[in-house]
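I would ask you to keep the sequence and the structure in view while I talk.

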Amino acid sequence: MKTDLETTTAAVFPQTVSAAITRLKERLQYGYERAYPDLRQIIHLVLDEEETKAWKISEFPHLLLPDLVEAHLDRLNLQPADTKHAEVVVPIDFDPVAISQPALA
């Protein structure tokens with residue numbers, strides 16, 4: 001028998017993923033439209049097609065979508081757009097090497 005928590009989690013998870021993919025598609029659309037303003041409709045179609053494909057492949061389509069879109073646009077001989085967020089702040093003392101190496105005990 002499922003608990004209330006399991007039932008709630010099962011109901012909320014798809015909504016969370018759906019919201020994540022919607023935000024991601026908006027970000028990708030914005031980035032590619034800035035790079036290719038004349039191809040707005042094509043970009044929209046590519047995003048929709050690749051979203052459908054991502055949902056068929058995984059329960060986590062938002063993890064696959066950027067790569068699927070990039071591969072599709074590459075087949076159209078278009079370069080990837082810069083879809084990174086400029087507002088992401090990295091701390092001044094950030095050391096990626098320290099993060100990738102385990103601490104010695």
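Predicted model: local features only at pLDDT ≥ 70, side-chain atom pairs only at ≥ 80, totals over all residues.

Let us begin with the core. The largest nonpolar core has 13 residues, and those that touch the most other members are Leu28, Tyr32, Leu65, Val69 and Leu73. Helix 1 provides the largest share, with four residues. To see one member in its surroundings, please find leucine 73. Apart from its neighbours within four places in sequence, leucine 73 is in contact with Tyr32, Val46 and Leu78.

I turn now to the charged residues. How many salt bridges does a search of the whole structure find? The search finds five. One of them joins the side chains of lysine 25 and aspartate 48, at 2.7 Å from N to O. This pair links distant parts of the chain, since lysine 25 is in helix 1 and aspartate 48 is in helix 2, 23 residues apart. Is lysine 25 buried or exposed? Lysine 25 counts as buried because its relative accessibility is 16%, and the limit for buried is under 20%. Aspartate 48, with a relative accessible area of 27%, is partly exposed. Lys25 and Asp48 also belong, together with Glu51, to a network of salt bridges.

Glutamate 50 deserves a separate look. This residue is found in helix 2, and it counts as buried because its relative accessibility is 1%. Which residues does glutamate 50 touch, not counting those up to four places away in sequence? They are Leu65, Leu68, Val69, His72 and Arg75. With histidine 72, the side chain of glutamate 50 makes a polar contact of 2.5 Å.

Glutamate 50 also takes part in salt bridges. The one with lysine 53 has an N to O distance of 3.3 Å. Lysine 53 counts as partly exposed, at 32% relative accessibility. In the salt bridge between glutamate 50 and arginine 75, the closest N and O atoms are 3.9 Å apart. Because glutamate 50 lies in helix 2 and arginine 75 in helix 3, this pair ties together parts that are 25 residues apart in sequence. Arginine 75 itself is exposed, with a relative accessible area of 54%.

Next, please look at valine 17, which lies in helix 1. At 4% relative accessibility, valine 17 counts as buried. Leaving aside neighbours within four places in sequence, its contacts are Trp55, Glu59, Pro61 and His62. Valine 17 and glutamate 59 are 42 residues apart along the chain, yet their C-alpha atoms are separated by 8.2 Å.

Finally, we come to the surface. Phe13, Phe60 and Leu63 form a nonpolar patch there, and together they have about 290 Å² of accessible area. Of these, leucine 63 is found in helix 3 and counts as exposed, at 58% relative accessibility. Asparagine 77 is also exposed, at 69% relative accessibility. Its place is in the loop between helix 3 and helix 4 (96–100). Asparagine 77 has a positive phi of about 65°, although it is not a glycine.

How values were computed:
Residues numbered from 1 in each chain as written. Heavy atoms only, no water. Core = buried A, V, L, I, M, F, W, Y, C linked by side-chain atoms within 4.5 Å. Buried < 20%, exposed > 50% of the residue type's maximum accessible area, 1.4 Å probe, protein only. Helix = DSSP H or I, 4+ residues; strand = E, 2+ residues; numbered from the N terminus. Contact = heavy atoms within 4.5 Å. Polar contact = N/O pair within 3.5 Å; in protein donor to acceptor, adjacent residues only side chain to side chain. Patch = residues over 30% accessible without salt bridge, like charges linked within 9 Å, V, L, I, M, F, W, Y side chains within 5 Å. Areas by Shrake-Rupley, 256 points an atom, 1.4 Å probe, with all protein chains shown as cover. Salt bridge = Lys/Arg side-chain N within 4 Å of Asp/Glu carboxyl O.
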